[in-house]
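Subject: Structure handover

Hello,

Here is the structure I promised to pass on. Please open it alongside this note; what I found follows below.

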Amino acid sequence: MMKNEKEYGDYILDTTSRLLAIDSPSGLTRRAARFVQDELKSLGYASSLTRKGGVLADLGGKNAEDAIFLEAHMDTLGAMVAEVKENGRLRLTPIGGMNANNAEGENCRVVTKFDGIYEGTFQLNNASIHVNDDYNDKKRDYNNMELVLDEDVRSKEDVLELGICQGDFVCFEPRTRITESGYIKSRFLDDKLSVGILLGYAKYLKEEGICPERKVYLHITAYEEVGHGGSASVPEGVTEAISVDMGCVGDGLMCTERQVSICAKDSGGPYDYEVVKGLMAAAKKMRADFAVDVYPHYGSDVEATLRAGYDVRHGLIGAGVYASHGYERSHRDGAVNTLKVLAGYIPGEPCEQ
């Protein structure tokens, strides 16, 4: 059994919270990558940056010819400036599955290439309900919504003078909160909570002096939300890849935020039968509270790994997350249960001194 479960749970939530404070929509992940590398270094692990901007680390282990590849992604949903409008407002285009109707009224930041960061709010066009006769019926999409800058701008020229232009990233406020009852609420728990869990797994190996029977590689990817995060950088000897991503919570599914979800199938098809079976056995061995589910609308890093042509077995687990791609919620217990499954699935023994 695992020692100090509470300590690991607290570490995961704290680390996740600090990472959530770093804006990192797909394509703008350098600062998040630096955070992950610094955290790994503090735990005693070396890491490298891939050409695509992901973080790759060797967590040790014995059998390098039957290595396991653990993937999670630090990139999140977001948006980009598609047009500077004549009235000084900004029309946006989404990065990943950022739903406009879900982001209405959210504070956000425009990251320019050379002229700093500007704040604003994503609003319905003509957003005052006392003025807009169509307020209730207007469809919330990126054609009917705009970013209103918190600057004295009244024209396209005013905006351009600030250095804002098409192609600038827009980052939405995560609004992270951890409750006394152990819930964590935030945008972008998908998938920064799983990054925290994998860092917690690295901490577990180091602090408990565990040497895994198989070589373990960690890959924190940078483009999962746009479909190609896990499509590269798989080291030699890897025979199995497991994506640690959010577990879905909703109608027709068994998982709750306090459990670890083991995915048997998603929109990309079934996961490897023996891997799913092994993950379930590990959950039982570690007394982790788990559910097995089929996700109706989902894709993962490890599916990108397969589509890139890598010949590996594959699996997917994650802490249960409610309201995916919205204002999400999970729980410390779900994170710890996910950590326990990893610890049970990858057996090890005390490292030689």
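Which residues in helix 2 meet helix 4, and which residues of helix 4 do they meet? On the helix 2 side they are V36, E39, L40 and L43. On the helix 4 side they are V195, L199, A202, K203 and K206. By class, this contact has six nonpolar, no polar and three charged residues. Please keep in mind that the model is predicted.

The whole chain

Some context before the details. The protein has seven helices and 21 strands. Its radius of gyration is 21 Å, close to the 20 Å that the globule rule gives for 353 residues, so the protein is as compact as a globular protein of that length. The C-alpha trace spans about 65 × 40 × 40 Å along the principal axes. Buried residues make up 55% of the 353 residues.

Two packed helices are described by the angle between their axes and the distance between the axes. Helices 1, 2 and 4 give three such pairs.

Start with helix 2 and helix 4. Helix 2 covers residues 30–43. Its axis comes within 10 Å of the axis of helix 4, and the two cross at roughly 15°. An angle under 35 degrees counts as roughly parallel, so helix 2 is roughly parallel to helix 4. The crossing is right-handed.

Next, helix 1 and helix 4. Helix 1 runs over residues 5–20 and helix 4 over residues 189–207. Their axes come within 8 Å and cross at roughly 135°. That makes helix 1 oblique to helix 4. This crossing is right-handed. From helix 1, the contact takes in E7, Y8, Y11, I12, T15, T16, L19 and L20. From helix 4, it takes in L189, K192, L193, V195, G196, I197, L199, G200, K203, Y204 and E207. By class, there are eleven nonpolar, four polar and four charged residues.

That leaves helix 1 and helix 2. Their axes are 10 Å apart, at an angle of about 150°. The two helices are therefore roughly antiparallel to each other. Their crossing is right-handed. Y11, T15, R18 and L19 in helix 1 meet A32, F35, E39 and L43 in helix 2. Five nonpolar, one polar and two charged residues make up this contact.

Is S243 buried or exposed? S243 is buried, with a relative accessible area of 0%. S243 lies in strand 14, residues 238–244. Leaving aside neighbours within four places in sequence, S243 is in contact with E71, S300, D301, V302, G315, L316 and I317.

M246 sits in the loop between strand 14 and strand 15. M246 also counts as buried, at 8% relative accessibility. Again leaving aside neighbours within four places, its contacts are D190, D191, S194, Y295, Y298, G318, A319, V321 and S324. The C-alpha atoms of M246 and G320 are separated by 6.0 Å, although the two residues are 74 apart along the chain.

Backbone points to look at

D191 is in helix 4.

Which phi does S233 have? Phi of S233 is positive, about 70°, although S233 is not a glycine. S233 lies in the loop between strand 13 and strand 14. It is partly exposed, with a relative accessible area of 26%.

H325 has a positive phi too, near 65°, and is a residue other than glycine. Its place is the loop between strand 19 and strand 20. H325 is partly exposed, with a relative accessible area of 24%.

Best wishes

Technical notes: Residues numbered from 1 in each chain as written. Predicted model: local features only at pLDDT ≥ 70, side-chain atom pairs only at ≥ 80, totals over all residues. Heavy atoms only, no water. Axes fitted to C-alpha atoms, helices over the stretch in contact; angles between N-to-C directions. Helix = DSSP H or I, 4+ residues; strand = E, 2+ residues; numbered from the N terminus. Parallel < 35°, antiparallel > 145°, perpendicular 65-115°, else oblique. Left-handed = near helix turned anticlockwise from the far one by under 90°. Contact = heavy atoms within 4.5 Å. Nonpolar A, V, L, I, M, F, W, Y, C, P; charged D, E, K, R; others polar. Rg over C-alpha atoms; globule rule 2.2 N^0.38 Å. Buried < 20%, exposed > 50% of the residue type's maximum accessible area, 1.4 Å probe, protein only.
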